[in-house]
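I opened my notebook to look a few things up in this structure.

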Amino acid sequence: GTKKNEGGVQKIIVGATNQFPQVSFLDKDGKLTGYDIELVREIDKRLPNYEFEFKILDALPSMLLSLDTNKIDMIAHEIAKNPERDEKYLFNKVPYAYWKNMITVAKDNNDPIETLDDVKGKKFLTHASSSAEQVLKNYNKDHDNAIELVYASGDVFDIAEQISTGRVYASLQSDFVLPVIDPQGKLKTVGKPLSQSEILFLFRKNDSEGQTLADAIDKVLQEMKEDGTLSALSKQWLGQDFTTAD
Amino acid sequence: MIKLQNITKSFGRLQVLKGIDLVVEKGEVVAILGPSGSGKTTLLRCINYLEKPSDGEITIDDFTVNCKRPSKKDIHTLRGKTAMVFQQYNLFRHKTALENVMEGLVVVQKVEKEEARRRSIELLEKVGLGNKLNAYPSQLSGGQQQRVGIARALALNPEVILFDEPTSALDPELVGEVLAVIRNIAKEGITMIIVTHEMGFAHDVANHVVFMDEGIIVEEGKPNDIFVSPKEERTKQFLKRITPEGVYSI
Amino acid sequence: MIKLQNITKSFGRLQVLKGIDLVVEKGEVVAILGPSGSGKTTLLRCINYLEKPSDGEITIDDFTVNCKRPSKKDIHTLRGKTAMVFQQYNLFRHKTALENVMEGLVVVQKVEKEEARRRSIELLEKVGLGNKLNAYPSQLSGGQQQRVGIARALALNPEVILFDEPTSALDPELVGEVLAVIRNIAKEGITMIIVTHEMGFAHDVANHVVFMDEGIIVEEGKPNDIFVSPKEERTKQFLKRITPEGVYSI
Amino acid sequence: MKLDPSFIWTALVELLSAVPTTLNVTMVSILFGTLIGTIVALIRIYRVPVLNPIASAYVTVIRGTPMLTHLLLIYYGLPMLVNGLSDSFGWSFRAASIPMIGFAYLSFSITSGAYLSEVVRSGMLAVNRGQIEAAYAVGMTTPQALRRIVLPQAFAVSLPNLTNALIGALHGSTLVFSLTVVDINAKAQIVASTNWKFFDAYLAAAILYWGLTVLIEQLSGLLEKRINVYNRGGVA
Amino acid sequence: MEVPFDISYVFEYAVKLLPYIRISLLIVAGSLIVGLGVGFLAALPRLYRIPVLQSLSKLYASFFRGTPILIQLFLFYYGLPEVLKLQGIDLSRVPVLVFVIATYGLNVGAYISEGIRSAVTSVDRGQIEAAYAVGMNGLQAFRRIVLPQALAIAIPIFANVTIGTLKDTSLAFTLGVMELTSKARSLGLLAQHFMEAYIGLAIIYLMISLLLERAFQFIERRMLRHEQPISSSKQARSFKLWQKRRPAPDASLNKGGQ
Ligand SMILES: Nc1ncnc2c1ncn2[C@@H]1O[C@H](COP(=O)(O)OP(=O)(O)OP(=O)(O)O)[C@@H](O)[C@H]1O
Ligand SMILES: Nc1ncnc2c1ncn2[C@@H]1O[C@H](COP(=O)(O)OP(=O)(O)OP(=O)(O)O)[C@@H](O)[C@H]1O
Ligand SMILES: [Mg+2]
Ligand SMILES: [Mg+2]
């Protein structure tokens, strides 16, 4: 579905949301910005053959559906790789962040929690189609639906509120998302990371143009890793360098 | 006995009744005539307190309401002593003929249901509708509806029945049915006040005729006096207009 | 001259008109009487083709329509020769009195607008509404509305005007206005067929009276013959019922 | 993207489990909405002093703003209010003990109440004035006249509008997902998250909503026929 | 949520939201234009009882009135291009606003077709007969007598549909259209002042709704000039508490209303 204009520059529509603070959001002046957004802009600078344009959508389901239906060409939304997604979609190869799924509970929660086995029978807040949902669903499959999933629609941005008031017990969050969704520090992470996944861009599968683009982006990302741009961006937006694996 | 004293009614600045005095003896049938807008309907509605008079006193038998400041209970008692038959029938549309007649007995007078049914059927038979007990108003002709209206009024066993042009919404051919029923009731000695345009009927049935214009009673008296030799100029004019070209000659 | 031959009309299985034959001479005024449901309205509507007769022939002057298979053009021509005054007036509610009268002239007869206005004003003045040219129907009394309806019919300059109970939707006091206007038109020699319950008026104005019952013409003749000495039993019955107890004596 | 009929079927079956939630939210909001609506309608018809302007303002504001804003305002505002009150009076009650669906009940009832007040009001005004006069004339009190004569007829007159309001509430209930309540719409998104066949899932949801709507219309049609027996003439 | 409520944010946000009224109104206006066209076309087969087309028109109205607009948005935005792609038409890069307007337009059309139908049938039959009686043909009677009156009767329906659509635009954010609601969400997110942002949003919606309502009332009064009796003495005899004026039963909860 991408089209070349006269100069041979190819236009790429990037799906993003405006609801993810520090990653993809509108700043005070109404400008779309954040880690993923600025990263794509940097890639844009380094890839003269491509021109990137953002398309704002409300949540992951819409983004996936838009990718399916050619309305966008790639998604930049802290997408974690997992086998299920890998089967249906194309990822690039060089991660621009690493996502560690940690059990996140209220700050004053002193239950001894190390693994999901310690929270059987509790309510977990999650989003449909998120990678955390996948982790939980996989666990449930092997453990007789031991964890109760509560789905948020992404409309109400109040994970911290729901956990700290005890509406739900916990949620799976990445270490670096926590300060973003919980600016007032009502939550904490416990135990060891349940999983670590690579954060990548998402493309349509079986699409040669998509493959070419992914490869080109990989090359640039590798460069950016080497010249320190990537970790600088991460520190600027996420407060820490999350761009290397443990 | 009904006694109206100085009944006055204004709508905003418009004074519609300018102090009506009227005495109706028990068992009397009074016909009220008068041009459109003269206040006939308003007077009737005041007696039943569907319209609140601005001033005056209404006495039925030994019960008196001062219209300046009546209590809710007064109004209720007054309405209990009167019954109204409307020009547009105003039957309860979602109830059958029988239910229409029973409604007041059961809900207001707390008559036992079976007893109410028995009395209602009797009344409907009296007005010739014994075969229409379970018909809804929409399934009845105008004349039949009005007869149900009359039965509903009779059921309450009121001191006085008020009729506001009971036949003027009817096709000419149905008028007869209703007038016949009223004529029969009159024979039974029930007090009635009837606003009507049917001169022949008024002449026939009424013991007393009242002619109103512009909110006052212009003239009243025996039917023969009023129809044959009215004293007031306005009465003469009116009677001439309403019986044009000798079509109605009495 | 109007000639109806064997006009028949059924609604589903119900035969409402059972072969009506009638001849009306030019300038004649015919009154049609009969009990409710006898088919008077239906007959009138058939003449104007608002109702399609099942069978029969309608002739106006030298133009004949066979009702079995009329063409669109036939219907149009027939409607051009007739005009109707409705019981419920049926004025165009979004147009003023003047526009109501002009509408047919301008749209159907393609009369020039100024000319149409001139003629319409003249007609409205004739029915006594020279001062209501720009009033909307909702701003007119029933009697005034019906007079606009008559002016609208007259404007078309038809061979015949059909009136369906033109006064029965009016308050008793307004009836006079409209009857007076019709009486005047009658004097001008326009052919008219009038369904009416106003016996006095029918007697006064009609040259010819037709009594219908159950879809047939039971009796017809001069007014005096029909009203004073009807031959048929049904006619007698009807006249007795409609003029109860000598209220209407002619 | 291709349609997958077998998945649409699977989705449809799975969505059925969310139907009770959807109907629950719908019915509760209509029931309480009718209650609120009737009270508001009476206040406005009888021009009750003080309450009348408040009732009018309520109707105007609710009808002038989207249902979503009502939901969000209740969701964010009510806890502020409840916790604020608890703090100042030293109660131990916290907004967190209000179940999520409670916010939906409250917010949707408030929304429906405004619309239904107009439905009830127009229904009552459509009842001929003569009916209440006749009721007075046989000696009924105002509450008796309202209950026995006016409201039954108003209900019959308003049935089509009530049906519309019911369907509106059914469709509006799609918003409850914002509150983590899993209705048909939410279930569609969740069902699709196993294989990302969102379109198929939405199609299944559309079929379900459509079916429910048609069912409501049919039932109301039947009811209307029964209730309106008295308006069918001609038997005599 | 412990961020205290601060009224000054309400005004700040309301002002910041103002420019986004444009997008919302654009959607409303666009879908009304589409809806009027479609609605009129869909009403005709049912008014004239054209076989087949009549059933199609019924099906169309039933579907759009029978499903939530949120679901319709998804189906059309993502489904329609796929269907058309099979016909070789590529719509995948058509701006989202076009889809939004098309979907709302079809939705509006369903309500308008019903509105037109009921308005036309409510013009009393006697008027049409009178038109025939003065010699008009069917088309003349429809155009000169029925239509002008039907339009006037339909104004309240149009008003409801318009205001209903305005409120429905609050759902367009799900497809990423930056309209009022979407903007309010991101404003609230930024400083965690959700309450203030949504109150600001409600105020803006209320203002537009009221303005639209006034405008329609004005039009209705003009078009129904002919129904206003000069002297109301006889009719005005109203039962004290039982006033004559009937509010237009409001369809807009059904018309999305979200
Ligand atoms: N469109 C129709 N469909 C079925 N039956 C009809 C229709 N129009 C009239 N009828 C029936 O035809 C019969 C004659 O009706 P019509 O209106 O011509 O009587 P009428 O003599 O004018 O009575 P009235 O004095 O009550 O006006 C009646 O039985 C009536 O029910
Ligand atoms: N509710 C009201 N508000 C204002 N004016 C009223 C009201 N009710 C009646 N009127 C006026 O009071 C006057 C008398 O009305 P009323 O109905 O009593 O006359 P009527 O003698 O019954 O006339 P008709 O013979 O036409 O029924 C009229 O001028 C009427 O317009
Ligand atoms: Mg009167
Ligand atoms: Mg007739």
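**Entry: what kind of model**

I noted first that this is a predicted model. I kept that in mind for every value below.

**Entry: chain E**

I began with the secondary structure of chain E. I found 9 helices and 0 strands there. Reading along the sequence, I wrote down the pattern α-α-α-α-α-α-α-α-α. What share of the 258 residues in chain E is buried? I got 55%.

Next I checked the UniProt record for this chain. An unreviewed entry lists "transmembrane region" at residues 20-47, 59-80, 92-112, 145-166 and 197-216 of chain E. I looked at two of these spans in the model. Residues 20-47 of chain E are 96% helix and 0% strand. The C-alpha atoms at the ends of that span are 40 Å apart. Residues 197-216 of chain E are 100% helix and 0% strand. Here the end C-alpha atoms lie 29 Å apart.

**Entry: annotated domains**

I stayed with the UniProt annotations. The record, an unreviewed entry, gives "domain: ABC transmembrane type-1" for residues 21-216 of chain E. In the model, that span is 83% helix and 0% strand. Its end C-alpha atoms are 19 Å apart.

I then turned to chain D. UniProt places "domain: ABC transmembrane type-1" at residues 19-220 of chain D, again in an unreviewed entry. I read 80% helix and 0% strand for this span. The end C-alpha atoms of residues 19-220 of chain D lie 19 Å apart.

The unreviewed UniProt entry puts "domain: ABC transporter" at residues 2-239 of chain B. How much helix and strand does the chain have over residues 2-239 of chain B? I found 39% helix and 26% strand. The end C-alpha atoms are 27 Å apart.

**Entry: ligand 1**

I wanted to know what surrounds ligand 1. The shell holds Phe11(C), Val16(C), Pro35(C), Ser36(C), Gly37(C), Ser38(C), Gly39(C), Lys40(C), Thr41(C), Thr42(C) and Glu165(C). I sorted the shell by residue type and got 3 nonpolar, 6 polar and 2 charged. Which element gives the largest share of the shell around ligand 1? Helix 1 (residues 40-47) of chain C does, with 3 residues.

I then listed some polar contacts. A polar side-chain atom of Ser36(C) is 2.5 Å from an oxygen atom of ligand 1. Ser38(C) has a backbone N or O atom 3.2 Å from an oxygen atom of the ligand. For Gly39(C), a polar backbone atom is 3.0 Å from an oxygen atom of ligand 1. Last, I looked up the cover. Ligand 1 has 640 Å² of accessible area on its own, and the protein covers 60% of that area.

**Entry: cysteines**

I reminded myself that a disulfide is a covalent bond between the sulfur atoms of two cysteines.

I checked two cysteines to see why. The sulfur of Cys67(B) has its closest cysteine sulfur in Cys46(B), at 7.4 Å, so the two are too far apart for a bond. Cys67(B) is buried, at 0% relative accessibility. In chain C, the sulfur of Cys46(C) has its closest cysteine sulfur in Cys67(C), at 7.4 Å, again too far for a bond. Cys46(C) is buried as well, with a relative accessible area of 1%.

Most residues other than glycine have a negative phi. I looked at two residues with a positive value.

Asn90(C) has a phi near 50°. I located Asn90(C) in the loop between strand 6 (82-85) and helix 3 (97-108) of chain C. Lys110(C) has a phi near 55°. Lys110(C) sits in the loop between helix 3 and helix 4 (113-126) of chain C.

Is each one buried or exposed? Asn90(C) is buried, at 8% relative accessibility. Lys110(C) is exposed, with a relative accessible area of 61%.

**Entry: a glycine in chain D**

My last stop was Gly113(D). I found Gly113(D) in helix 5 (residues 100-126) of chain D. Gly113(D) is buried, at 0% relative accessibility. I also compared Gly113(D) with Thr26(D). The two are 87 residues apart in sequence and 13 Å apart in space, C-alpha to C-alpha.

Note on methods. Residues are numbered from 1 along each chain as its sequence is written. Chains are lettered from A and ligands numbered from 1 in the order in which they are written. This is a predicted model: local features need pLDDT of at least 70, side-chain atom pairs count only at pLDDT 80 or more; totals for chains, interfaces and linings use all residues. Side-chain values use heavy atoms; hydrogens and water are left out. UniProt positions are given in the numbering used here, feature names are shortened, and annotations may be inferred rather than shown by experiment. Helices (H or I, at least four residues) and strands (E, at least two) are DSSP runs, numbered from the N terminus. A residue is near a molecule or strand if one of its heavy atoms lies within 4 Å of it. A polar contact is a pair of N or O atoms within 3.5 Å; within protein, one must be able to donate a hydrogen and the other to accept it, and residues adjacent in sequence count only if both atoms are side-chain atoms. Accessible areas come from the Shrake-Rupley method with a 1.4 Å probe; for residues, only the protein chains shown count as cover. Ala, Val, Leu, Ile, Met, Phe, Trp, Tyr, Cys and Pro count as nonpolar, Asp, Glu, Lys and Arg as charged, and the others, Gly among them, as polar. A disulfide is a pair of cysteine sulfur atoms within 2.5 Å. Buried means under 20% relative accessible area, exposed over 50%, partly exposed in between (1.4 Å probe, protein chains only).
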